[in-house]
Each structure stands twice: as structure tokens, then as C-alpha cells.
Amino acid sequence: MRWLSRFFLAFEGVGIALESLRTNKVRAVLTIAGVAIGVFVVVTMAAAVNGIRQSFQQDLENIGADSFQVFRRSIGFQACDGTDDTCPDRRNPPISFREWSTLRELPSVQAVIGSINGGGTFTYRDQVLNNIAYDAYSPEWLLISAADIAPGRNFTPNEHDAGTPVVLVNDTLRAQLFGTLDPVGKQIRIDGQPFTVIGVYNLKAGFIRSLEGRGPDTPRAIVPLTTALRTLPLFRSGLSLTVRPRPGTPRDEVMDDVTASLRSQRGLKPAQPNNFELVPQERLLETFDQLFGAIFAVGLALSAVALLVGGVGVVGIMMISVTERTREIGVRKALGATRGTILWQFLVEAATLTVLGATVGLILGAGLTTLIRNNSSLPAQLQPGAVVAALVAAAVTGVAFGMLPALRASRLDPVEALRHE
């Protein structure tokens, strides 16, 4: 029976809160707006970060869950930037082509894909495109890329080793250089050097790779690594490797083999640390989580400020409500209402205001999330957990900031309240 009474009191509190919105439109709108902005920021950022993470995971799956990368230095938050004394890995020697060649001979390795990024001017007849990025790869690059080649083909190991001047273009670059013409067999120039187009590739890149300029909407090309080294102004020290373990071989075992090979080739003594970095896929994901976790924390801070503004509005509007309804409170107390009953009713009113603001923020956030998902490569998606957290946070904000007015109302002396005009 007691819980039934509380339910009816809560229902009555919601009705009074809605009536307060109607009679105090400006104050109510300001209160709701503060909470709505805070919730809108949180749910939209949560949807975007979750979508980016899913896209990044898809990119990593395309590379291969058991693959890992070999870099000269640490990456992400574990990397440092300063002098050689404070950042000893700045002195690490670059990955050499001799080391790459040796790693390819390891029995536990299926493939070691070498890559260097570059950029230059692409020319076909009178069509000139400046600052077009390209990737210089070894022929096994399809093992770590979700790409289709049509029309045309990939370059062969013989073409790669011989330094044959061939190139693959993505569909965007094909359209900009050749229009509606079939590009296969056509000769273009990259930084003045002749290359024959042998295929058009379509890379299924996620959001992160699209930001890197590897998405389908960005003009880009792929050339054999050996060819690029011989004919194009590449930064040779920028070589990085992606190692694909042989099927059935545990990745940790392959990483140990690669570590032992590199340490041996570099003449490192047992007590000396590695002067290179092996990065498994989960490490890349951890770096992503650290980076976007920091961004999300900033968003939470901004949301907290907005909720604070909404909470201050709750205090103001509830204080006014207590003053306007002092006589009513006196009547209810004279008829037997307890302090707890009055307190409960006013807290329900405060929570109703903030939850209503949260609902408005959720609707706006869902709309923007849908807009982002339908008009970009980012698979943003509103998470049920974020929705529940937003509503709970709004309700808690309402209760916390509504406590002072509710306590004031519950402590009114009924005799004094009945005399209030």
C-alpha cells in the first residue's frame, strides 16, 4: 500500500512538473536546454566514437587478426617526442631492406609486406594532377587489404623485383585522369617518370583509413616498391613491414622469431633493449582507445558543464515553485502529509524536468547520428548503454539539484505556510 501511495505521488509530481513548464515557459526552456545540450553532446560523441572504433576494427580485420607490424619506433601514447636523451628510440636505425629480405625467409612467416608512402604529380596527356598520394608495396599487399582489382590485375613478383614501371590506380584517380576511358594499358607519368596502368583497384577502407587518405573518395595509386625506389623520390628510411604468420603458426611464436632475427642482424647483446618495435593488432586498438578515450573525456567535461547549467536552472525554477505553492504545502501538511511525502513530490518534479531535457537531447543526438551514418563512411550508432546512462545521469542531476528546494518545502511550518499570501 505504501508503494502504491508513492506511485500516485510520483505520478502527481510529474503532472505538477509539466504544469510548471506550461506556466513558466522561459525558465523551463532554459533548464531543459542545459540538460539537453549535455545529453546531446554525450550521446552523439558516444555514437561517433563507437562507429569509428567499429570501422577501425574492420580495418584491422582486413589486415588480419594474427598479423603484426614492424616499425622503427613506438607508436601512439607510448611514443615520445624530444631530444635523443629523453627519447632514446629516436636513435633507432630505420628498418633496412636487408632486414626485410631476411625476415621473408623465416619458416614461420607466410609473407612480409613492405610499404613506403609517397606523393607526386600524375600526368596523362594534358591532364595534370598535383599532390596525389601513392603507396609503394610489395606484391603481397592484397593479403592485408580488402581490395578488388577490376578491370586489370596486380603486379607480379617478377615485375616487382625487376622494377617494372607499372601502376594501379583507384577508381577516383581513374575518373580524374581518364574520364570514361579504359585506363588499362595507358601510359601516365608520375613525377615525370613513365608508368603503365595495369589495373584499377577498389579498397574497402573504413573511417580511419579514409581519414588517412586511403578511402575510395580520395585519388590514390599503388606502385611496386622496388620500382618506386629506383625511379621516384621516396624516403627510404620510411620503410615499415607487416608480417603475416604462416597458417597454423601462433603469432607469438612468429613475433619471437622476428625479434630474434632483427636482434641478431643488428648485433644486439642480451642485455640491450630492442631498437625496433613490433606492434600487434590489439596494440593498435589500445592506442585508438587511449586517443579517443581522451577525446571522449573532453566531451564528458563539456557535458558536465551543460548539466551543471541545467542543474542551476532546476534549483531556480524549483525555488520559485516552492514560493508560489507555500500555501498549498501548508494545506497538505495540515491534512496529514509528512515531510517525506513533500520531499518525494518535489524531487519527482525536479527529476521530471531533467529527464525531459535528456529526452530532447536524445532525440537530437539520434537525429544527428542518423544524418552522419547516412551521409558519410562513419558507421555511427546510438548505443543503448549511452541512452540509459544519459537518462540516469539526468535524473540524478535533477534529484541532486532539486534536493535543496525539496528540503525547504518539506521543512515549512504548516501554520506559517497557511498564512502565506
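Student: What makes Pro216 count as buried, partly exposed or exposed?
Tutor: This is a predicted model, in which local features need pLDDT of at least 70 and side-chain atom pairs count only at pLDDT 80 or more, while totals for chains, interfaces and linings use all residues. Residues are numbered from 1 along each chain as its sequence is written, and side-chain values use heavy atoms, with hydrogens and water left out. Buried means under 20% relative accessible area, exposed means over 50%, and partly exposed lies in between, using a 1.4 Å probe and protein chains only. Pro216 has a relative accessible area of 38%, and therefore it is partly exposed.

Student: Where does Pro216 sit in the chain?
Tutor: Pro216 is in the loop between α6 (207–211) and β8 (220–224), where helices (H or I, at least four residues) and strands (E, at least two) are DSSP runs, numbered from the N terminus.

Student: Why is Thr44 called buried?
Tutor: Thr44 has a relative accessibility of 11%, and so it counts as buried. Thr44 belongs to helix α2 (residues 25–63), and it touches Gly365 and Leu368, leaving out residues up to four places away in sequence; contact here means heavy atoms within 4.5 Å.

Student: How do you know that the length of helix α12 agrees with its number of residues?
Tutor: The expected span is 1.5 Å times one less than the number of residues. Helix α12 (residues 384–410) has 27 residues and should therefore span 39 Å, and its end C-alpha atoms are 36 Å apart, which agrees.

Student: Where does α12 bend, and by how much?
Tutor: The bend at a residue is the angle between axes fitted to the seven residues ending there and the seven starting there, and for α12 this is about 45° at Met403, with the proline Pro405 following within four residues. Pro405 is also among the buried residues of α12, which include Ala386 and Gly398.

Student: Which residues touch the most other members of the largest nonpolar core?
Tutor: A nonpolar core is a set of buried Ala, Val, Leu, Ile, Met, Phe, Trp, Tyr and Cys residues joined through side-chain atoms within 4.5 Å. In the largest one, of 41 residues, they are Val70, Phe122, Val167, Ile188, Ile190 and Val258. Strand β2 (residues 109–124) supplies the largest share of this core, five residues.
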